[in-house]
Amino acid sequence: MTSYTTKKGKTYWPSAEMKKIAWVKDENIYKQADKDPIGFWKKLAKEGIDWKASWKKTYEEKLPYFKWFKGGKLNFCNNCLDRHLKKSGNKIALIWIPEPVKEKTIKLTYKELYDKVCRFANVLKKQGVKKGDVVSIYLPMIPEALISMLACTRIGAIHSVVFSAFSADALKSRIEDGKSKLLITADGYYRKGKKEDLLTKAKEGAKATTIKKIIVVNRIGKKVSGDKFLDFNSEMKKADGKCDCKIMNSENILFVLYTSGTTGKPKGIIHDTGGYAVQAYWTTKWNFNLRKGDIMWCTADVGWITGHTYAFYGPLLNGSTTLIYEGSPDFPDPGRWWKIINENKVNVFYTAPTAIRMFMGADGKYVKKYKLDSLKILGTVGEPIDEDAWNWYLNKIGGGRCPIIDTWWQTETGGTLINALPGIGPFIPTVAGKSFPGTRHIVVDEKGKEVVVGKTGSLVQVSPFAPGMLHGVYNDDKKYKETYWKRFKDKYDTSDGAYVDKQGNIRVTGRTDDVMKVAGHRLSTAELENAIASDERVGECAVVPIPDKIKGQVPIAFVVLKQGGGSEALGKELVKHVDKKIGPTARPAKIYFVDDLPKTRSGKIMRRILKDVLIGEEPKGLMTLVNPKVVGVIKGIINKR
Ligand code: WTA
């Protein structure tokens, strides 16, 4: 195989070997798709997905709404499982690595997974779950997460997965929004060698909500009793192994996943069935050059969109093998991930820059212990990747052999949208690449006019909108319109900044709104502020993200107490309060107690000024403040520590 050189700033191209094995290698695909994007997706939809009835209209647009494959009929689970049974029933669909080193890896063939999913679909039916009902899933990275989700899609129920590290309060608000009657959870899971309790949070989150029953997976051997609770395995044993697929319309909702925006309340992002299936299938296949015999490992947790689309659904839609791991990357040592790749001969590895930066710290030592020559493609997602991390990933993990596919996308887009394709390239450190064939993104100024090459502006998507795009915000149409369609006429607003380079590739520079990416996790400053301010001792609070070497960004909180003052102990209590309201992922890296916050005459807190002070820049716009003196005081407090 041709090796890549590692000079800084270099543009890399596919090796001759990659050109040979790539699904897509002719860059004319972009032009061809551009000429007729709707026709392009029509062809892909027919080729990639098994439809029970063809659609009447491929694409219909009445902005801010649009529909793909209207009238088309399919079942999502059938596409992930049933259709592979004949040829690949005995092939491994799922490899599950538990965290405890001594515990055995579980491998499920397509047939075995199918059997479990059918059984669990019958368990759901027995509990009265019907088409269109929302089912809440609060599970760690264990096979039952995949089984539960697929079972929902089999009977046309809408799954709403809540990240297992989120708090009881976060779970509650999501249950309440979806009005789900059933919750699927586990007693706990393993993290860094310890048993982590999940059940207590699940119980608390479900208390006084619409939840009637809680199905519990026994993972850590806790005793569960009470009328409300059902044991996952016992129910499975009692259930029938046959369950027909419910045939759905392409536009029916497949799932809801909550994500943070600029307001305090997370939005339930709606994805429909047909369009999502088509985009998940093709982006997985082309971006990662996934072959049926390949093993793909996407390290994202199922609580996030990347876990949905690339840890679970994409590889299964393609009839490949997906690998998932329950635990912490550094347990029992920072070599665990590389050991897993080595032992399981992983071919495609997809992770976040934050993980790469974390491993760079322990450079070489743990990576060197393992041969990683099964790897063919490396992917990154979730935040901009810096050049050092990119180069380290290329050389230390990919052995200078595997292209790095830097994929830009969002919870809202369902699947990846901007990246280089492995057989076409180019692969440029920090640059995502071109819009996926059949989609178009441009960079515009405040007025929505396309900017020139090299100039930073707002990244927007233009019509026809990609098949996997969101189809609304659950219970909040107003929010859907305002968040995505208000700022630019007839264009989808990504809230990201970007520029296009001379070669026509897009470099994403980061969010332009009040959304942070902390270790790849999407968090809203407003949500975090609400959480802190809900402590009765807090009068006011402002949260700003600052750059962090490993995590990309971390939140810093400025707190004004009603009684004034503040102490280290109280800071710790507030961190605990954040754990309770959102979860440990949202913990502020530092809390500063201040007497006042910089504000404009209309009372708006000037977070930008706080940020400037934190990163050591001279704050601009002090004239607009009613209390400019406070900036000097805050500077003093920051510098004192
Ligand atoms: C950021 C994650 C730069 C971006 C799939 C986006 C990226 C937000 C990239 C969505 C990338 C994602 N380069 N930034 N390759 N991928 N982002 O909803 O700011 O958790 O708007 O979806 O992550 O985060 P979300």
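**Backbone features, helix packing and domain contact**

P332 lies in the loop between β17 (321-325) and α12 (336-344). In this predicted model, the peptide bond that joins F331 and P332 is cis, with omega about -5°. A cis peptide bond also joins S463 and P464, and its omega is about -5°. P464 is placed in the loop between β22 (457-462) and α15 (477-485). A further backbone feature concerns K179, a residue other than glycine with a positive phi, near 50°. The loop that holds K179 runs between α7 (168-178) and β8 (182-186).

Two helix pairs that share α5 were examined. Two packed helices are described by the angle between their axes and the distance between the axes. For helix α4 (residues 76-88) and α5, the axes come within 9 Å and cross at roughly 140°. At this angle α4 is therefore oblique to α5. The crossing of α4 and α5 is left-handed. On the α4 side the contact consists of C77, C80, L81, D82, H84, L85 and S88, which meet Y110, K111, L113, Y114 and V117 of α5. By class, the residues of the contact of α4 with α5 are eight nonpolar, two polar and two charged.

The second pair is formed by helix α5 (residues 110-126) and helix α6 (residues 143-155), whose axes come within 8 Å and cross at roughly 65°. Because angles of 65 to 115 degrees count as roughly perpendicular, α5 and α6 are assigned to that class. The α5/α6 crossing is right-handed. In this contact, α5 contributes L113, Y114, K116, V117, C118, F120, A121, L124 and K125, while α6 contributes L146, I147, S148, L150, A151, C152, R154 and I155. The contact of α5 with α6 comprises 13 nonpolar residues, one polar residue and three charged residues. L113, Y114 and V117 of α5 are listed in the contact with α4 and also in the contact with α6.

At the level of the whole chain, the protein is divided into domain 1 (7-499) and domain 2 (519-640). The domain centres, taken over C-alpha atoms, are separated by 33 Å. The contact between the domains takes 22 residues from domain 1 and 20 residues from domain 2. About 1,600 Å² is buried between domain 1 and domain 2, and carbon and sulfur atoms give 46% of this area. Within domain 1, the residues that lose the most area to domain 2 are D169, S260 and W304, which together account for 30% of what that side buries.

Notes
Residues are numbered from 1 along each chain as its sequence is written. This is a predicted model: local features need pLDDT of at least 70, side-chain atom pairs count only at pLDDT 80 or more; totals for chains, interfaces and linings use all residues. Side-chain values use heavy atoms; hydrogens and water are left out. Axes are lines fitted to C-alpha atoms, for helices over the stretch in contact, and angles run from 0 to 180 degrees between N-to-C directions. Helices (H or I, at least four residues) and strands (E, at least two) are DSSP runs, numbered from the N terminus. Angles under 35 degrees count as roughly parallel, over 145 as roughly antiparallel, 65 to 115 as roughly perpendicular and the rest as oblique. A crossing is left-handed if the near helix is turned anticlockwise from the far one by less than a right angle, and right-handed if clockwise. Contact means heavy atoms within 4.5 Å. Ala, Val, Leu, Ile, Met, Phe, Trp, Tyr, Cys and Pro count as nonpolar, Asp, Glu, Lys and Arg as charged, and the others, Gly among them, as polar. Domain bounds come from an automatic or database domain assignment. Buried area is the accessible area (1.4 Å probe) that two parts lose on being put together, summed over both.
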